[in-house]
There are 2 protein chains.
Amino acid sequence: MSASLPDTYDAFAAHMRQLTALSQAAGVLSWDQEVMMPPKGAAGRAEQMAALSTVMHEKITDPRMGDWLDALEDGSADFSSVEAANIRLARKKYARASKVPGRLATELARTTSMAQTVWAKARAAKDYAAFAPTLKNIIDLKREEAGYIAADGQSAYDALLADFEPGMTVAVLRPLLEGLRPRLSALRERIAEKAHTQPKLSGTFSADAQMKLARELADVLNYDWQEGRLDLSVHPFSSGTRGDSRITTRVDDHDPMGCLYSTVHELGHALYEVGLPEEHQFMPAGQHVSMGVHESQSRLWENQIGRCAAFCRWLAPRFAKAFDRPELAQGDTLYRVINRVETGFIRTEADEVHYNLHVLLRFELEEDLMAGNLSVDDLEGEWASRFERDFGTAVPDASLGVLQDVHWSVGLFGYFPTYALGNIYAAQLYQKLETDLGTLDDRLEKGETGDILAWLRKNVHEKGSLLPADELMEQASGQPVSGEPLLDYLEEKYSALLDL
Amino acid sequence: MSASLPDTYDAFAAHMRQLTALSQAAGVLSWDQEVMMPPKGAAGRAEQMAALSTVMHEKITDPRMGDWLDALEDGSADFSSVEAANIRLARKKYARASKVPGRLATELARTTSMAQTVWAKARAAKDYAAFAPTLKNIIDLKREEAGYIAADGQSAYDALLADFEPGMTVAVLRPLLEGLRPRLSALRERIAEKAHTQPKLSGTFSADAQMKLARELADVLNYDWQEGRLDLSVHPFSSGTRGDSRITTRVDDHDPMGCLYSTVHELGHALYEVGLPEEHQFMPAGQHVSMGVHESQSRLWENQIGRCAAFCRWLAPRFAKAFDRPELAQGDTLYRVINRVETGFIRTEADEVHYNLHVLLRFELEEDLMAGNLSVDDLEGEWASRFERDFGTAVPDASLGVLQDVHWSVGLFGYFPTYALGNIYAAQLYQKLETDLGTLDDRLEKGETGDILAWLRKNVHEKGSLLPADELMEQASGQPVSGEPLLDYLEEKYSALLDL
């Protein structure tokens, strides 16, 4: 007795909904772990997360998935575009999960879990050699994994990249990202000559006042407390989806901008999640389309909006009042403080000009590692020499260099480029947004950002994963993916700001 | 090829560990829902919980479970007592879950989920008739469920009772609980004559000061903040297990005792969970043995310790200081305030004397409902007449009577008696504890409760589920389960307190 196609689709859809719900449950546990869990809960939580991972792996590799997908693909002409997208996306997930042997998945999970401790210790000791053997092991495992999941002729790096930016390839990515370097380098050098003209914050800033202002920022940037919350965590992050999309930030007495702009960044992620199409909420087509697009939403709110002159005019009097620093309400002082450009070693603290140079460095290194063109033993030296070439200064130690990011220790290869893609997409989207809505300065100066959110909802969020990321970005921005809008935006902004 | 017995046990154990971990994950989600989740998260959370429930049901009814258990039971002579307990307890869970048809489980889940809203509305409207049809439906479904899970000749009520107090039967429970009534009734009448001598709190009490004192109480009662946290929720509860055992309380400006004694009550539950045997942490033998024993731990800390004269002497100066009410530090004023006895309608607000009469009323009614000796239509009237008989006053409306508790609306039949069993067990345990440790007054007056916890750890907590509850209580207290120690304790306490 063979089931009818609609019945098969329903069975498949129920299974996918359940899988998404389990993945959301794991998300709640992760949030809790970072924000609420008492320290001694770690061992038990690891068991809970492992059990959930196993169950999710069982669900996605369920042999019925293969049967359903085979039957549905045979009859896919009968499906709506949404149904077809669900089938297409589920096939990818199924193939990805089914191709990796259980032994390898377990080995990867165990190795990366232990590697985080090794990495953290090595970073604290500024000792790359202490981490290198572990990294070698991870890279071997990731290359082995890539071997299983890669399509015919696909490179290891392209196969891993597809986990985060489906459809993207090194052939497209390399010219796109490397194309940023010449103008970014030139810009940073021009700014360096005017470094002395940039004002800098000093003094201390009350933690309570930082959090209060962060909440005020979230309010004015359309965050709905009925479906979110703001808490503290060591590393800011966003978590959850429609109905319950939470953000965290951090507080540093000497750097209120970290608290405020982490809030805005994570809020951009959260607004995307709550804006995903409700009618496909638990299905593949209703999920975020790529990490690059996710990052475009956080960066657009953080930079194009949060760090623009008009919005800084909204912020300045509130900032001055919150911290009792009336001098910061004067003229464009706060705008200049917020957009101070300075060569630094740490990616996460980088300004808009340096940020993509950091990402580019990591992308090129990890691509070389995966392709076998760079050995783990040579990585520290290679990092140092490439950094000095791009940033004009020497890396003092490994904690400020090759050991600064957690990503490689947890097996994330192919993730870094999505940070730069996010910036590229954000600039394209904002350009189109200004074309469609007219100048936004008047609105931003008054803290009116509803039109911007509505535009993003309509052109990005509500599209879910119906289109691949590059097609979505092209459709939304009205032009093919390109670094030009980002470079134009940066050159224009800093030329005006520093009178270059 | 047949697997060896140890291999079979290992496969079975890994499966059970995973099941426990998933159940703990669901516990974290429930805690989050009550304490942290933004309101619009409810729909998504329902999907997540449903997915987890389905997965857990799939795991416990996995056909391999039956095969493993058959093989292990054949070879059970080879196992340690712990392994044997794991096999015995898992068999019960497997049988319970496998016997209920999926259709019925789904129907029960859906009906009780919707019933909570119906019940809440009916209670708000004080309209029993609005809830009666739903209750009828639930009772029909629970009787049907009992029909599936009952052993030969076992009554429906006994079958349901076993979900909460394995091994307990109406034949034992009825004389045990009903045996409390004569002396409790006599005691409440004697106290009523002295009602005018009991002091009562008035005024308002700062919420911050309540929470601060609640934390101080938790400290002195051995709560470890490294494996727990205290938050606010509408209804206080405890959640979690070893390493992460959280409690909540509530705050009422006019009733600081609600905040403080809910904290102590939930802390008693939490201390039990973190004291369960570490070596069997994720296995059936490492879980709490029954709800009655769980409640004995909360009630012992709340009443025998928290509300005794010696501990109230520790509390009084701290209470007086916390709320700037020096008069409450005088003599035994606070002790008398805390132990004020008053006839009330609401179980959860009842004093130690009235509490078990409330439970008795519910036990007898629900047993009659399940046995078909009482119709849902007659329930409200029956409640009213039995209440008046036991409490000497008429129920003003259904919200203060038959609609006050959520239990029946969520399908909990057989749960209420565990509250009274908890009180009975607690009194037995405390009697033995005083025999073993000598008088505790000196220690309690100084807030020293470590010896008490150590005794409970050794005699109750660390036993996990290795013995059935009644055997455990008999072994720990040195006497068979009996209501006498509870009645003696109450008569002695209130005779001294009110000079009866």
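**Note on salt bridges in the predicted model**

1. A:Glu302 is buried, with a relative accessibility of 8% (buried means under 20% relative accessible area, exposed over 50%, partly exposed in between, with a 1.4 Å probe and protein chains only). Its salt-bridge partner is A:Arg299, with 3.1 Å between the closest N and O atoms (a salt bridge is a side-chain nitrogen of Lys or Arg within 4 Å of a carboxyl oxygen of Asp or Glu). A:Arg299 is buried too, at 6%. Both residues sit in helix α12 (residues 291-305) of chain A, 3 residues apart, about one turn of the helix (helices are DSSP runs of H or I, at least four residues, and strands are E runs of at least two, numbered from the N terminus).

2. This is a predicted model, in which local features need pLDDT of at least 70 and side-chain atom pairs pLDDT 80 or more, while totals for chains, interfaces and linings use all residues. Residues are numbered from 1 along each chain as its sequence is written, chains are lettered from A and ligands numbered from 1 in written order, and side-chain values use heavy atoms, without hydrogens and water.

3. Over all chains there are 82 salt bridges. One of them joins A:Glu58 to B:Lys59 at 2.8 Å, N to O. This pair crosses between chains, from helix α2 (residues 42-60) of chain A to helix α2 (residues 42-60) of chain B. A:Glu58 is partly exposed at 38%, whereas B:Lys59 is buried at 7%.

4. A:Asp397 and A:Lys126 form a salt bridge at 3.6 Å, N to O. A:Asp397 lies in the loop between α16 (376-391) and α17 (417-437) of chain A and A:Lys126 in the loop between α5 (102-125) and α6 (128-149), so the pair ties together parts 271 residues apart in sequence. A:Asp397 is buried at 19%; A:Lys126 is partly exposed at 47%.
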